[in-house]
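The structure is shown below.

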Amino acid sequence: QVQLVESGGGLVQAGGSLRLSCAASGWTSRTYDMGWFRQAPGKEREIVAAISWSGGGTTYADSVKGRFTIFGDNAKNTAYLQMDSLKPDDTAVYYCAAKRDTSWNWSAWGQGTQVTVSS
């Protein structure tokens, strides 16, 4: 069973940057996708970015394209979300998730980390 541990959230001013990390353990192959989701107060959880761990392909929500970058370090089994040009609207709890690359179901989740962007 895949386990995910996130780190790197915090408080930053608008225009600033943060990098989130997601350390994964327990998977027996590289056939996973990893993603970052976020949930702001009163809003539904939305996917922000995803990466294919085996192929390296990435996808982004329109709201973060050009500002956020998802990438992985195979040696450390860690996925990252580099967030630049942050806006107050990016304030949310950010969650790391993983799924089999043949599945639609994000079956493993991290505990979440708070990101707050002040104006």
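Predicted model: local features only at pLDDT ≥ 70, side-chain atom pairs only at ≥ 80, totals over all residues.

Six bridges join S7 to strand S8, residues 78-83, and the two run antiparallel. I then looked up which residues face each other across this pair. Phe68 stands opposite Met83 in S8, and Ile70 stands opposite Leu81 in S8.

I next examined the link between the two strands. The hairpin of S7 and S8 has four residues between the strands. Among the residues of this hairpin, I noted Asn77, which takes a positive phi near 50°.

I placed the pair in its sheet. Four strands form an open sheet, and their order is S1-S3-S8-S7. The pairing is antiparallel. I asked which strands stand at the edges. They are S1 (3-7) and S7 (68-73); each has a single partner strand, so one side of each is left without a neighbour in the sheet. From one strand to the next, I recorded an average twist of 20°.

Is Gln1 buried or exposed? Its relative accessibility is 84%, and because exposed means over 50%, Gln1 counts as exposed. I also looked up what Gln1 touches: leaving aside residues up to four places away in sequence, Gln1 touches Ser25 and Gly26. Finally, I checked Gln1 against Gln39, 38 residues apart along the chain, and found their C-alpha atoms separated by 24 Å.

Methods. Residues numbered from 1 in each chain as written. Heavy atoms only, no water. Pairing = 2+ DSSP bridges. Axes fitted to C-alpha atoms, helices over the stretch in contact; angles between N-to-C directions. Buried < 20%, exposed > 50% of the residue type's maximum accessible area, 1.4 Å probe, protein only. Contact = heavy atoms within 4.5 Å.
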